[in-house]
Amino acid sequence: MSRDKRASLRGRASFAKLAGIPFSVLESANYGNLTAYGKALLLDIRAQYRGFNNGNLDATWSRLSKQNCWRSKQTVNHAIQELIYYGFIICVRRGKRIGGTHYPSLYALTWEPIDDHPKQGVRGTAVAGNQWRELRERWTPKKRERKKEDKPQPREVYLPSTLRVVGQVQQVN
């Protein structure tokens, strides 16, 4: 009798899903530079991977906001940009809208080979890219520069011809 069968007969079998990340990735300098949001999103994306769907992983707001307590679209976008910068994920298809249908951006983990998904327009690779091994400087999010017309203009204040200042009437010219 196999060990797995014996465990299942005793009620101790566990068939839980696993979102494992290799130790070589976890011990890399780039992983150490990730923010907490980047690490959390990497785990969320890795949890979607089933061994045959690399290149068909998404980070849509509708999925993340319901499942994993993400509260800001901007935080998710910054975390995606950070993971791409450090080379942990790559974008294999940009999101688009055709007619009334929305198609999400699709991502792939770089330590696994990309699987072939012709329906989504993703071509597979035989070898993993491993872009996460390239040492990068610390990532900082790009701030949007305000245009001149975006800056608040001083308001014009209309005052009456007479002002009351501590009991005195003063004429304004």
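Accessible areas in this report come from the Shrake-Rupley method with a 1.4 Å probe, and for residues only the protein chains shown count as cover. On that basis the protein chain exposes about 13200 Å², of which carbon and sulfur atoms supply 50%. The structure is a predicted model, in which local features need pLDDT of at least 70, side-chain atom pairs count only at pLDDT 80 or more, and totals for chains, interfaces and linings use all residues. Residues are numbered from 1 along each chain as its sequence is written, and side-chain values use heavy atoms, with hydrogens and water left out.

## The chain as a whole

The protein chain contains six helices and six strands, where helices (H or I, at least four residues) and strands (E, at least two) are DSSP runs numbered from the N terminus. Along the sequence these elements follow the pattern α-α-α-α-α-α-β-β-β-β-β-β. Of the 173 residues, 27% count as buried; here buried means under 20% relative accessible area, exposed means over 50%, and partly exposed lies in between, with a 1.4 Å probe and protein chains only. Contact means heavy atoms within 4.5 Å, and among contacts between residues at least 6 apart in sequence, 53% join residues at least 24 apart.

An α-helix has 3.6 residues a turn, so residues three or four places apart point the same way.

Leu-83 is found in helix H6 and is buried, with a relative accessible area of 0%. Leaving aside neighbours within four places in sequence, Leu-83 is in contact with Leu-34, Gly-38, Leu-41, Leu-42, Ile-45, Phe-88 and Ile-89. The C-alpha atoms of Leu-83 and Leu-109 are separated by 9.8 Å, although these residues are 26 apart along the chain.

## Strands S1 and S4

Strands S1 and S4 pair in the antiparallel sense over four bridges, and two strands are said to pair if DSSP finds at least two bridges between them. Within this pairing, Ile-89 stands opposite Leu-109 in S4. In a regular strand the side chains alternate between the two faces of the sheet. In S4, Leu-106 and Ala-108 point one way while Tyr-107 and Leu-109 point the other way, and all are buried.

## Residues in loops and a helix end

The table gathers the accessibility of four residues.

| Residue | Relative accessible area | Class |
|---|---|---|
| Gly-87 | 6% | buried |
| Ser-105 | 15% | buried |
| Asn-33 | 16% | buried |
| Asn-130 | 22% | partly exposed |

Gly-87 lies in the loop between helix H6 (73-86) and strand S1 (89-93). Not counting residues up to four places away in sequence, Gly-87 touches Thr-110, Gln-131 and Trp-132. Gly-87 and Arg-136 are 49 residues apart in sequence and 9.1 Å apart in space, C-alpha to C-alpha.

Ser-105 has its place in the loop between strand S3 (101-103) and strand S4 (106-109). A polar atom of the Ser-105 side chain lies 2.7 Å from the backbone nitrogen of Gly-95. Beyond four places in sequence, the residues that Ser-105 touches include Leu-57, Asp-58 and Cys-91.

Asn-33 belongs to helix H3 (residues 29-33), and a polar contact of 3.2 Å joins the side chains of Asn-33 and Arg-138. A polar contact is a pair of N or O atoms within 3.5 Å; within protein, one must be able to donate a hydrogen and the other to accept it, and residues adjacent in sequence count only if both atoms are side-chain atoms.

Asn-130 is in the loop between S4 and strand S5 (162-165). Most residues other than glycine have a negative phi. Asn-130, however, has a positive phi of about 55° although it is not a glycine.

## The salt bridge

Side chains of opposite charge can pair when their charged atoms come close. A salt bridge is a side-chain nitrogen of Lys or Arg within 4 Å of a carboxyl oxygen of Asp or Glu, and by this rule the count comes to one. Asp-58 forms a salt bridge with Arg-63, with the closest N and O atoms 2.8 Å apart. Asp-58 is buried at 11% relative accessibility, whereas Arg-63 is partly exposed, with a relative accessible area of 30%.
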